[in-house]
Amino acid sequence: MMCLLPAAVVVICLTGTVVAVDYWDPADSEPQLNEYFDNEYIGTALQDLQDEYPDLVLRSSLGLTPDGIHEIWEVTITANVTHWRTHNRPGVKYIANMHGNEVRGRGLIMKLAFFLTLRYSVDNDVRSLLQSTVFHLVPSANPWGFATAEKKCSGTRGRFTSQGFDMNRDFPDHWESGTKIRFAGETTLLMKYAEKVPATLGLSFHDGALVANYPLDAHPDVRSNRYAASPDDALFTKLAKSYAAEHSEMSDTSRQCGSDNFVDGVTNGNSWYQVQNGMQDWDYFYNDCFELTIELGCCKYPTNSKETFTKVWEDNFESVFNFTSFVHTGIQGRVADFYGNPITGAEISVSGNNKSIKIRHEEGYYWRPLVPGVYNVTAKKEGYFTLSRRNIVVYSSDDSAATQVPFILMSKSQSSEYSEEDASNSTNNSKTSSDFDSSTNSSDSESDNSTNSNDSENSTNSSDSDNSKNFSDSNNSTNSGKDGESQEDDTSGSPVVLQTNLMPLLLLLLLGQL
């Protein structure tokens, strides 16, 4: 049971033992953890959080480590948490301690779990965050390594799993089509977990340096210590620089470790040194999770745990929450059929970028972070007609909400009379979303001076706006007929309305969906 005193002192009671006692100012802090805690404590503390806040917290086990002793614990935190899989909310996934002797992240994630839960009822910002975002937190991905780690700033004891694997060299390689045969038990559990958790953004916390590292960590055509850009290089650079800038020390080269000299506190992974079979590249290519590796400090296992935990929270608090906010930028929407049924497995692609994402959300929702620009966005799924929307504007303000880009796809099996002629004719009957629901469209949106988005996604000119960013203001649509060729729609911002006997139902769907 968790015991909270309403005054300045907070006592956390776990199975009858006082684990931590410290000052807690509800205005700007959270319960302090005064000493390193073992894996049993993580499980018990997270269970107590769930018991006290069942509407916010859901603890689960990814499974046992191969030695059969240690559980790998995960906690999901969001409002109305038992239904998180059906919420229209993007997810973030934060993992620590995959190298067992790198310990700062354990404390950071545990503090984050306490903070979100305890502040929900008293902090409007936290409440709003948990009503719009799903947090998936894994404090220790390698508990066996932590249990055996040597309490030293350097060294490798505890880095590896019980089977001798380095977890951050143990994931399928995108370039080798996942040909690796044997994985550590802990790695297998994390991969299964990632398949079940459709996270949009991710952080992996490490120690041994002070830098925000972004993909790619490896590329077969690029030597180590050379820049290896991903299709989303501009986005990853922005995310990393934002994290480092909000950190109290990361972007200050005088505070970096040894001879490190990371400009702005960030580095491309392969440019630093090549990491093959790493988790962040795997998460990006296999799970559509845009992930950074955050090195939290020079010493891997600091001896002063209270000072370390206090400082790591103070240093990273703003960075973590600012990074989380990017999950609500770019584009987002829902892909459904004419009956409103979600189409999971549909693929979303954007022009100028060869990295598509697949929808894994049970209700067909997707979230796709992008840098500001103008994009053509396409949704496709085998057995359905492909639909594209043109000139989708992603705005430049960091606090702008994502541009809404929903899709209604027509099943080929349900439209035997649908033909190329129908597809061509349907463009003359297209409607904009404003025809059905004017509340979703802002026709008087004011634009600032347009800017160019010079990133690897090859997006075209973008314009800033302080008002609504509904896709229907400026985009066109195309629809693919049975032969796979596209017919363009010259009606701005319109979903293609097909000439079928489902027209009344479609109108109702649009009223409720756009």
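Tutor: Accessible areas here come from the Shrake-Rupley method with a 1.4 Å probe. On that basis the protein, which is a predicted model, exposes about 20,500 Å², and carbon and sulfur atoms supply 45% of that area. Of its 514 residues, 58% count as buried, and its secondary structure comes to 12 helices and 22 strands. Among the contacts with a separation of 6 or more, 71% are between residues 24 or more positions apart.

With that background, let us turn to the part I would like you to follow, an open sheet of 8 strands with mixed pairing, whose order is β3-β4-β6-β5-β7-β10-β8-β9. At the edges stand β3 (57-64) and β9 (266-268), and because each has a single partner strand, one side of each is left without a neighbour in the sheet. From one strand to the next, the twist averages 20°.

Within this order, look at β5 (residues 91-96) and β6 (residues 134-138), which run parallel and are joined by 5 bridges; in one of these strands, β6, you will find Val134, the bridge partner of Gly91.

Helix α2 (residues 104-119) lies across β3, β4 (71-77), β5, β6, β7 (199-206) and β10 (290-297), and it runs at about 140° to β5. Helix α5 (residues 185-196), in turn, lies across β3, β4, β5 and β6, and its direction is at about 140° to β3.

Conventions: Residues numbered from 1 in each chain as written. Predicted model: local features only at pLDDT ≥ 70, side-chain atom pairs only at ≥ 80, totals over all residues. Heavy atoms only, no water. Helix = DSSP H or I, 4+ residues; strand = E, 2+ residues; numbered from the N terminus. Buried < 20%, exposed > 50% of the residue type's maximum accessible area, 1.4 Å probe, protein only. Contact = heavy atoms within 4.5 Å. Pairing = 2+ DSSP bridges. Axes fitted to C-alpha atoms, helices over the stretch in contact; angles between N-to-C directions.
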